[in-house]
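Please walk me through this structure, one part after another.

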Amino acid sequence: MVIRMLNKFEPDIDFNPDNFSNVYWKILKADTRFVVIYGGASASKSWSIMQRIVTSTFEEPSNWLCIRKYSTDIQNSIYDNLIGIISDWDLSHLFQFRLSPLSITNKLTGAKIIFKGLDDTEKIKSIFGIKRIFIEEANQLEFEDFRELNRRARGMDGIQVYLVFNPVVINHWLKRELFDNPFYEPHTTKIHATYKDAIKWLTEDDILQLEILKDINPNDYKVYTLGEWGGVRTGNEFYYNFVYTKHITTCEIQKDKALHISFDQNVVPYITMTIWQISQIEEVYYVNCIDELCLKNPLNNTESLCRKFVEKYEDYLDAGLFYYGDASGRKRDTRANENDYEIVERVLSKWLTFSSCRVPYNNPLVKKRRDFVNRILSNKYNIRLQIDKNCQNMITDLEMVQEDAEGKKFKKKKSEHGGTAFEEYGHTSDTMEYMLMSAFENYIELI
């Protein structure tokens, strides 16, 4: 490898682009403060950011801080891997390596790579002059760890924090804050990776071991092969027959099929409508959830929800429209003199007929709904339930809603920023139950 010094800090190093994956080039383009690199196993996530650490030390004399939860994990992971990359590129003579304290320094630019564990909090607090932070296995950190690190990174322009992890648990703070919190949205680049991003470095057996997880452990397949958010199986799942790889797909809207919409009128954290289509092929009914509308304040009311639906689906309503929902919506007002379904009838009257309303006068018992849905999920009837992969709130419900001691839904209360407590999960899945129990009520007696 030829190195020519252009000036004090810019050696001309001819890095072979074939050494880098798609993930590396995405990292290179990221210019936000937070860069989230997440996804499956063997996806070159950590390797790519470590390659970027090495190349960046030739560009400017800025320092890196490499973090893991425990300091004992650092030397045999990040430190040794960086040495391996530097050695493979025949650049060892341009770096100084120290074991105590653990560090790597580029002799040409003075850029230093420092290594720390969060179990040594006092030393973390004393660190300064850091422009970039790399957090390996970020899912091991607590949110307060992340906030403390972010507070310590200050005093210069262009500071970046890179977080690398497998999305093992969907209710992790990483999902809640860096994916779902609008505060972080404009400051965060999200880079998703799977083994396909690094496929040229994998053997056929490497790929096979990831793909066979689909039959061995569907949740592991979802996390480590597809690189999607996974759920923790507790044994108390309300939808115990839900399997991500079986029930989640891409559901294309069919213009010649009626739309079925189902409501849940809770307004916090959002008011909910799910959109469905039902088709029959021979003796089998295919029930597809094609979309979800979950509107937050100030649009969390039935009228806004219906108008949003019309705005999005007006061109697909000629084949028919049916609506379902919580029976209590017949009584409850939504900031008006009408009840929820009177508002639905008024806003959607152009597309409704006398048979469009399928809202019961009393909701079926929760345990009966639970048993019926789980029998559908396990193909006990000639009904096949499929959820579009973009219906993230529905997917979260199917994975996260737990059963209480009486066999009902355990709807844990949550409050944000000292506000009103609300049920975090269960709203979109309630709409699914209302729709299934009404559309297929002739099956219920078979339970």
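**A walk through the chain**

Strands β5 (residues 95–99) and β6 (residues 102–106) pair in the antiparallel sense, with five bridges between them. The two are joined by a hairpin of two residues, and Leu99 has Leu102 in β6 as its bridge partner. The model described here is a predicted one.

This pair belongs to an open sheet of eight strands with mixed pairing, in the order β5-β6-β7-β4-β8-β9-β3-β10. At the edges stand β5 and β10 (188–193), each of which pairs on one side only. With direction ignored, neighbouring strands of this sheet are turned by 15 degrees against each other on average. Further into the order, strand β4 (residues 63–68) and strand β8 (residues 130–135) run parallel and are joined by five bridges. There, Trp64 stands opposite Arg132 in β8. Helix α1 (residues 22–29) packs on the sheet, where it touches β3 (34–39), β9 (160–165) and β10. The direction of α1 makes about 175 degrees with that of β10.

Another helix, α2, lies across β3, β4, β5, β7 (112–117), β8, β9 and β10, and runs at about 150 degrees to β9. Helix α2 covers residues 45–56, and Arg52 is found in it. Is Arg52 buried or exposed? Its relative accessible area is 9%, so Arg52 counts as buried. Apart from neighbours within four places in sequence, Arg52 is in contact with Tyr24, Ile27, Leu28 and Glu59. For a sense of distance, Arg52 and Ala327 are 275 residues apart in sequence, and their C-alpha atoms are 56 Å apart in space.

A further open sheet has six strands, in the order β11-β16-β14-β13-β12-β15, and its pairing is mixed. Strands β11 (248–249) and β15 stand at the edges with a single partner strand each, so one side of each has no neighbour in the sheet. The partner of β11 is strand β16 (residues 383–388), and the two pair in the parallel sense over two bridges. Within this pairing, Ile248 stands opposite Ile387 in β16. Helix α14 (residues 392–400) packs on the sheet and touches β11, β13, β14 and β16. The direction of α14 makes about 110 degrees with that of β14.

Strand β14 pairs with β16 as well: the two run parallel and are joined by five bridges, with Ile383 in β16 as the bridge partner of Tyr285. Strands β13 and β14, in contrast, pair in the antiparallel sense, over eleven bridges. Among the residues of that pairing, Gln277 has Asn288 in β14 as its bridge partner. The hairpin of β13 and β14 has two residues between the strands, and Glu282 in this hairpin takes a positive phi near 55 degrees. Why can β14 be called largely enclosed by the rest of the structure? Because nine of the twelve residues of β14 are buried.

Next comes helix α11 (residues 302–313). At 1.5 Å a residue, its twelve residues should span 16 Å, and the end C-alpha atoms are 16 Å apart, which agrees. The buried residues of α11 are Thr302, Leu305, Cys306, Phe309, Val310 and Tyr313. These residues lie on the same side of α11, because they cover an arc of only 135 degrees around the axis. In an α-helix there are 3.6 residues a turn, so residues three or four places apart point the same way. What covers the buried residues of α11? The cover includes β12 (259–264), β13 (271–281), β14 (284–295), β15 (321–325) and α12 (340–347).

Cys306 is in no disulfide, as the nearest cysteine sulfur, that of Cys357, is 12 Å away. The relative accessibility of Cys306 is 0%, so Cys306 counts as buried. Cys357, at 29% relative accessibility, counts as partly exposed.

Finally, the chain as a whole. There are 16 helices and 20 strands in the chain, and 51% of its 447 residues count as buried. The C-alpha atoms fill a box of roughly 80 × 50 × 45 Å along the principal axes. Of the contacts between residues at least 6 apart in sequence, 70% join residues at least 24 apart.

Note on methods: Residues numbered from 1 in each chain as written. Predicted model: local features only at pLDDT ≥ 70, side-chain atom pairs only at ≥ 80, totals over all residues. Heavy atoms only, no water. Disulfide = S-S within 2.5 Å. Buried < 20%, exposed > 50% of the residue type's maximum accessible area, 1.4 Å probe, protein only. Helix = DSSP H or I, 4+ residues; strand = E, 2+ residues; numbered from the N terminus. Expected span 1.5 Å × (residues − 1). Arc of directions from axis to C-beta. Contact = heavy atoms within 4.5 Å. Pairing = 2+ DSSP bridges. Axes fitted to C-alpha atoms, helices over the stretch in contact; angles between N-to-C directions.
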